[in-house]
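Here is a briefing on one protein model. Please read it with the coordinates open.

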Amino acid sequence: MKITEILKTDVETHPVLRSQWLLERNVTMSFNDLILWLSQEYFVSIGFVDWFLLVAAKTRDQNAKIVLVENIWGELGEGKIEDTHVSILTEFLTKLNFDFLNHHLLPETKTYLDKMESIIEKGFFYGLGALGPANEYLLKLEYSQIALAYKKLKSEMALPEGKFFQVNLDADEGHSQRMFELIEETAKSEESKKQVMEGNLLALVAREDFYRGLSRLDKESVLR
């Protein structure tokens, strides 16, 4: 089996896609649920570009650097500040009347961000696994669930168009494919393949922390 098929299977079958918070929002998602998810994903979007820069700095392979920088360039709106993924999310949150002054990073989200940097710090191939399958590919599967829940919520109340979801889904489709191609082109030895797969699994486990924070707030709100 090709390494890309193994990586995709590891993502598709990982418990993070069946986290309690996600499963419950597939049934019904409130406006507050939407804001909570977006508010924490905001911090991930900021960190995302930094992660790619860190991985790109860990290789002398010029072709690999080009692919990684192309991904960064896409995330940065190809030079148009209003088209960066962070700007699109900020605009979306603004339309939803989000209170940026009281915007807090959950400790579990911080743990996720810290773990991602630690995984990338382990080496280039760990970083490829963490960013390709466990981010670009995973987010496509995650965002599609949230996008469907948003579409249902939008049918029940007046909400802006979900451009943020569409932009990310469109980008992740192409970006994840190019990252898988890069992995196949660069991870030739058994050790490099092992590191890619380990980086993927470590990042998937780290992403569980993100949803653990959302679930904790659910439980706390029930206890109030």
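What follows covers aromatic pairs, charges over rings, a cavity and some single residues.

This is a predicted model, in which local features need pLDDT of at least 70, side-chain atom pairs count only at pLDDT 80 or more, and totals for chains, interfaces and linings use all residues. Residues are numbered from 1 along each chain as its sequence is written, and side-chain values use heavy atoms, leaving out hydrogens and water.

**Aromatic pairs**

- Rings of Phe, Tyr and Trp (its six-membered ring) pair if their centres lie within 6.5 Å; planes under 30 degrees apart are stacked, over 60 edge-to-face, and the rest tilted.
- By this rule there are 16 aromatic pairs.
- Phe-48 and Trp-51 have ring centres 6.1 Å apart and planes at 65 degrees, so this pair is edge-to-face.
- Phe-48 and Trp-51 sit three residues apart in helix α3 (residues 31-56), which means about one helical turn separates them. Helices (H or I, at least four residues) are DSSP runs, numbered from the N terminus.
- Both Phe-48 and Trp-51 are buried. Buried means under 20% relative accessible area, exposed over 50%, and partly exposed in between (1.4 Å probe, protein chains only).
- Phe-210 and Tyr-211 also pair edge-to-face, at 5.1 Å centre to centre with 80 degrees between the planes. Phe-210 and Tyr-211 are both buried.
- Ring pairs join Trp-21, Phe-48, Trp-51, Phe-52, Tyr-112, Phe-210 and Tyr-211 into a cluster.

**Charges over rings**

- A charge sits over a ring if NZ of Lys or CZ of Arg is within 6 Å of the ring centre and within 35 degrees of the ring normal.
- Arg-207 lies over the face of Phe-210, 4.0 Å from the ring centre.
- The charged end of Lys-8 sits over the ring of Phe-180, at 5.1 Å from its centre.

**Cavity**

- On a 1 Å grid over the protein atoms alone, a cavity is a set of points where a 1.4 Å probe fits but cannot get out; lining residues have an atom within 4 Å of a point.
- The structure holds one cavity of 30 Å³ or more. The largest cavity has a volume of about 80 Å³, the volume being the space filled by probe spheres set on the points.
- Its lining has 11 residues, with Ser-45, Phe-48, Glu-75, Leu-139 and Asn-168 nearest the centre.
- Helices α3, α7 (124-154) and α8 (163-186) each supply at least two lining residues. The largest share, four residues, comes from α3.

- Arg-25 is in helix α2 (residues 20-27). Arg-25 is buried, with a relative accessible area of 7%.
- Beyond residues up to four places away in sequence, Arg-25 touches Asp-33, Ala-149 and Asp-218. Contact means heavy atoms within 4.5 Å.
- Glu-184 lies in helix α8 and is partly exposed, at 29% relative accessible area.
- Not counting residues up to four places away in sequence, Glu-184 touches Lys-2, Ile-3 and Thr-4. The C-alpha atoms of Glu-184 and Lys-2 are separated by 8.5 Å, although the two are 182 residues apart along the chain.

**Positive phi outside glycine**

- Glu-78 has phi near 50 degrees, a positive value in a residue other than glycine. Glu-78 is in the loop between α4 (62-75) and α5 (85-95) and is exposed, at 57% relative accessibility.
- Asn-97, also a residue other than glycine, has a positive phi near 60 degrees. Asn-97 lies in the loop between α5 and α6 (107-121) and is exposed, with a relative accessible area of 69%.

Note on methods:
1 Å grid on protein atoms, 1.4 Å probe; cavity = no way out; pocket = protein on both sides within 12 Å on 5 of 7 lines; lining within 4 Å.
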